[in-house]
Amino acid sequence: MYRVLPQSFFEWCAATPLGKFIAASVWTMPILETFHIMGLVLLLGAAFTLNLTVLGVGVRIPTDRLARQLFPWAVGGLLIAIVTGIPMFMSAAPLYGHSGPFAIKMSLLLSAIVLQTVNHNVRGMYGSKVGRVIACLTLVCWFGIAYAGRAIAFSNLLGMQPY
Amino acid sequence: MSLVALVHWINETGFSKYLRESELAFPLTEAIHLIGLGISVGTIVWVDLRLLGKVMRDVRVSEVVSRLEPWAIGGFTIMFVSGIFLFLGKPDNYYSTTAFKLKMLLLPLAGLNVLFFHRSLLPTIVEWDDRATPPWQSRMVGAVSMSLWVVIIVLGRWTAYFADPLYRSMKLF
């Protein structure tokens, strides 16, 4: 991330009252992380069920109809994860800015959002071959995000160096 | 041998030491545990919401249950096995963590809830299979399951914090 954003941005994030408050607080981070995981479960579950259905191994009902119902929950879970993720990032922004897994996580997140949105909004995608390939890729992205997210917290996870 | 002694004995085995001292083993197990959580609870939530009559109201309950349950079971197996390895890595720490004890108390309850659903409610499913809102017993099972899992996830996350020597040294309580 430090290659695409200036160092001053990360330092500014950490210097904001919010960033400083979280860095100094013992309880805020665990509470944020707890909600972050809840958002993740909601999002992963919805995305998993939806993409499996696109692949033909999920719930056997027309994908469009299922998607209309699951998509808002996935968005809701994603919003929870983002709203709790931003303050966590701010508390140690310069650290995250130099974290490899964090950069991978953000790239995968962007890819997953784009892919899932394209699949959802382009007419005829669900049920087509392209749609199934995209569903596969999207699934890999979503679970990669969870994996890279965990890797941020550790010194070394399958070759992922945090800093 | 008392339970504490057994836990402590496990703590001192070479395998346990390897799990917690290896740079890769523990984080990797935690990542697998988390992904198992996403798959299992992620799908369980949809069964629960269907039982509550909140989503997929026009899909038969049996359809949702039979299609999603294999994934929930698969995810749970991943979570269970990786969870055992997590415990084996730091048994002493977990044994003395309240959040962990509570979690171990609630997990069987979630199991009993599923058992009750299968034993008592599924046999009569033909009577309410295509109802948008299932009878109150089934709604209850959905609500209990969701509440239990929310609490279990919170306790799981807190276990990781409060079993950590650094957090313990802060003497928060």
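Modeller: Helices (H or I, at least four residues) and strands (E, at least two) are runs from DSSP, numbered from the N terminus. This is a predicted model, in which local features need pLDDT of at least 70, side-chain atom pairs count only at pLDDT 80 or more, and totals for chains, interfaces and linings use all residues. Residues are numbered from 1 along each chain as its sequence is written, while chains are lettered from A and ligands numbered from 1 in the order in which they are written.

Colleague: In what order do the elements of chain A run from the N terminus on?

Modeller: Chain A has 7 helices and 0 strands. From the N terminus on, the order is α-α-α-α-α-α-α.

Colleague: Which element of chain A has the highest mean pLDDT?

Modeller: pLDDT is the predictor's confidence in each residue, from 0 to 100. For chain A the mean is 87, with 94% of the residues at 70 or more. Among the elements, the lowest mean, 88, belongs to helix α5 (residues 93–97) of chain A, and the highest, 93, to helix α6 (residues 100–121) of chain A.

Colleague: How is α3(A) oriented to α3(B)?

Modeller: Axes are lines fitted to C-alpha atoms, for helices over the stretch in contact, and angles run from 0 to 180 degrees between N-to-C directions. Helix α3 (residues 28–54) of chain A and helix α3 (residues 25–51) of chain B pack at about 80 degrees, with axes 7 Å apart. Angles of 65 to 115 degrees count as roughly perpendicular. Therefore α3(A) is, relative to α3(B), roughly perpendicular.

Notes. Parallel < 35°, antiparallel > 145°, perpendicular 65-115°, else oblique.
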